[in-house]
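Trainee: Could we go through this one together? I'd like to learn what the terms stand on.

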Number of protein chains: 2
Amino acid sequence: MDASEFRASAREMIDIVTDYLENIRERPVFPDVTPGYLRQMLPPRAPDEGETWDEVKNDLERVIMSGVNHWQSPNFYAYFPTGNSYPSMLGSMLTDGISTLCFSWNSCPVGTELEVTMMNWLADMIGLPDAFHFHPGGKGGGALQGSASEATLIALLSARNVTLLNLKEKDPALTTGQIIDRLVAYTSEEGHSSVQRAALYGLVEMRILPVDDKGALRGPVLKAAIEKDIGAGLVPFFVCATIGSTGTCASDDLSELGPICNQFDIWLHVDAAYAGSACICPEFRYLLNGIQHVTSFNFDPHKWLRVNFECSAMWVKDTSLISDGHQVSPVYLKDKKGNNNNIPEFRHWQVPLGRRFRSLKVWFVLRMFGVKKLQDLIRKDVALAKLFEECVKKDERFEMVREVTLGLASFRLKGDNDVNERLVAKINLDRRIHLVPSKIKETFFLRFAICAVDAQASDVTYAWGVIQELADAITPVVKGH
Amino acid sequence: MDASEFRASAREMIDIVTDYLENIRERPVFPDVTPGYLRQMLPPRAPDEGETWDEVKNDLERVIMSGVNHWQSPNFYAYFPTGNSYPSMLGSMLTDGISTLCFSWNSCPVGTELEVTMMNWLADMIGLPDAFHFHPGGKGGGALQGSASEATLIALLSARNVTLLNLKEKDPALTTGQIIDRLVAYTSEEGHSSVQRAALYGLVEMRILPVDDKGALRGPVLKAAIEKDIGAGLVPFFVCATIGSTGTCASDDLSELGPICNQFDIWLHVDAAYAGSACICPEFRYLLNGIQHVTSFNFDPHKWLRVNFECSAMWVKDTSLISDGHQVSPVYLKDKKGNNNNIPEFRHWQVPLGRRFRSLKVWFVLRMFGVKKLQDLIRKDVALAKLFEECVKKDERFEMVREVTLGLASFRLKGDNDVNERLVAKINLDRRIHLVPSKIKETFFLRFAICAVDAQASDVTYAWGVIQELADAITPVVKGH
């Protein structure tokens, strides 16, 4: 494929993508396929001779689109949103075109430089204290990770490293294993699965602590757990607090947990993967009360800030806690220009060595939307979730699991789990809308997350109509109500 | 930005990207900037109001291009190639447009299904034994990771997990820490920095073993190290062999290391990040001799197979060794349809939960290039590296560090390290070409890696001319030679 063929086919691809997004309502949100279906549709081997763009293009509907779960559809209410927008796509096209890696300043100066500035822009937008901003010669700063899971893992491994060094300094006779057997991390039962997975990778005990009625891990619960573990000769070293849980968008109170972590010299990481984006609106910034006590903070612009996956923003008050722990620097990566306090070396911040030029799409999105428009979109989604909540409250067959705080409504049919399991199965079999269930303290419920960038009130009332209709077969409306 | 604005601006972006790639020779390969330069060029905060496409576009040269290290330039010979091609960009545009996540079959059926088929296509192309291919109900299979670093980490953590379970089964009184203190991993001194980093993350001892004259870790060296450790009461559990080292493209002999690992029940992972792509040519497949003894294997299509970053292919003979070790399955991810032997659940294979629809760009590349064309490109690059080797050998001021096997030539000025350090500094200050140095056993040398997809013989002779010219100031040519 030469340049002129690319220009022509890429123009067609732009139309394919734009038509797809503009007409996405016409497609059933979830595809009508069963596991293994694609094997029969594709040859067992790659072709020896190259095929034309037309041949590939003609397969797009048949092979690809027929099996897509349409996350960008206004009828998609599952999981959390995954970012997409025209400005982000423009930035991504440029990233692919340049195709440079950004693991050190030397490997692509603007890759590091733009990321530093974009992390400061984002920190400013969500109201992170200055201690998290990058300043030349300063301690704070942020970097883009691939996902919140990676950010949590890096925070936990760094905390582990700091603790190992401290304990070995105090008692050089201690082995790594002796210390590992004593380390304890904490998160709440509403914490994300990736937090528990980070503990499995990190080989440390993780206590899953109970939450209160609103889904928050409370200070006394945490403090009691820490003191009990210390009493048993263990070493609490890491807490992962949640702002905006996956199940119900519940949040821990950082102003309560923070001082406790500080008191016991414990690394406090905040997983605000979804909810962090809302903090660009001043009215939601109360979620970050107590942020000054936090060691590291993470949210995903690729969820609710219209930036395409992957783009997860992570900050630390003292970046050396992350970058010093896992450095391995062969000669081909030595970087005299970059190795100074003036500019960070992001390869020491993450698991992979390679780094895509991800800050470019952030720059496109923040410039072309502007902060006010991004705020409008967050507020629109929160209003839609509240609209859905009103619908639920008006139908007395249903109940809310928790009050709506942001763009997620967690609801259920009153009664046992079984009717709710039947309802979610019906909804997803029906394929007009798509959502996923969750479970808290043995209560099974449905999640309704506003995901599509152009979801409207009419979409929400349509979805509610579908849910009511399908519920009728399970729990008929009592006449007169 | 609405759909029609996107159609128009995306067309312009296609022209910007295509013009960039077609005229890339005109740009100095490395930018003329110093650390911190960008801070002055950008506002300290994101704009409140959205800006137009024209405003962003007008900044592209000034802000972005002025700071790019042009990895796609034929004058770029640093690190290893990072994949790029027009078909890959088309696939990537579609991935961004659809913007679906592929962490489970349910989250996007075609995301998992196409990945399964693409992994089989790739396995077939490089001649991996059938045991690594995915078959319904079978044990083998592969998945796309973000990078070779992640693949190595996942292999090491999975091996650690298997060993922990085995030892605890034999002696339930053993603690995790007691086992960790006894685990030993091995790699060679030519292994990638990410292998050592995986051991730091995994909290296990890693022995860096010496290589022979050709850069290979030999069987007797490995066996002696293992036996010595076992004799000391330790538990060897993981070996990372290298096919195509970063320094000199050296390779370990799997037919020698494999049986030793099998004898001692040690997980043998192969990091063929760069060199794996060459195995699509039968004449380079000798590199995989002994592959039947291997536990897991990894190479990066995003390096030398024209697929854009990130795209790292990893296979295991028994996928349950990876997927069973770190499962955490909350209700919102439970997936009745997908949880069977008919189709894998890739979220159990990797650190992040989120997964981009990466197989799409692989499908575009393999179909639109075809295997033969991709083979031609590999062979072209190997021939160019050999051409460079001939140039080096003709100038008696220089010497090759090792014989060229694939697309990397490692060379140096005869004499001490100092003259070579001066040469590489001169080359990168000159900015007509760009390369990076390396060091083996205290010998400092220069790496010349063929990177650009359309690098030609004339580019290589031009680069050699630049190197000779700059060497003249350090080591003048003796008249008469």
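Trainee: Which residue in β9(B) is the bridge partner of B:Phe398?

Mentor: That's B:Leu413. Before we go on: this is a predicted model, where local features need pLDDT of at least 70, side-chain atom pairs count only at pLDDT 80 or more, and totals for chains, interfaces and linings use all residues. Residues are numbered from 1 along each chain as its sequence is written, chains are lettered from A and ligands numbered from 1 in the order written, and side-chain values use heavy atoms, with hydrogens and water left out.

Trainee: How do you know how confident the predictor is in chain A?

Mentor: Look at pLDDT, the predictor's confidence in each residue, from 0 to 100. Chain A has a mean of 94, and 97% of its residues reach 70 or more. The model as a whole scores ipTM 0.96 and pTM 0.96.

Trainee: What makes β8(B) and β9(B) a pair?

Mentor: Two strands pair if DSSP finds at least two bridges between them. Here there are three, in the antiparallel sense, so β8(B) and β9 (residues 408-413) of chain B qualify. A strand itself is a DSSP run of E, at least two residues, while a helix is a run of H or I, at least four, both numbered from the N terminus.

Trainee: And why are β8(B) and β10(B) said to stand at the edges?

Mentor: The sheet has four strands in the order β8-β9-β11-β10 (chain B), with antiparallel pairing. β8 (398-400) and β10 (437-440) of chain B each have a single partner strand, so one side of each is left without a neighbour in the sheet.

Trainee: What is the order of the seven-strand sheet in chain B?

Mentor: That open sheet runs β1-β7-β6-β5-β4-β2-β3 (chain B), with mixed pairing. Its edge strands are β1 (141-145) and β3 (205-209) of chain B, each pairing on one side only.

Trainee: What makes helix α12(B) "mostly covered"?

Mentor: Buried means under 20% relative accessible area (exposed is over 50%, partly exposed in between; 1.4 Å probe, protein chains only). In α12 (residues 359-369) of chain B, 11 of its 11 residues are buried, B:Trp363 and B:Arg367 among them. The cover includes α1 (3-22) and α2 (53-64) of chain A, and also α4 (109-126) and α13 (371-394) of chain B.

Trainee: How much area do the two chains bury between them?

Mentor: Buried area is the accessible area (1.4 Å probe) that two parts lose on being put together, summed over both. For chain B and chain A that's about 13100 Å², 65% of it on carbon and sulfur atoms. Contacts link 146 residues of chain B with 146 residues of chain A.

Key. Contact means heavy atoms within 4.5 Å.
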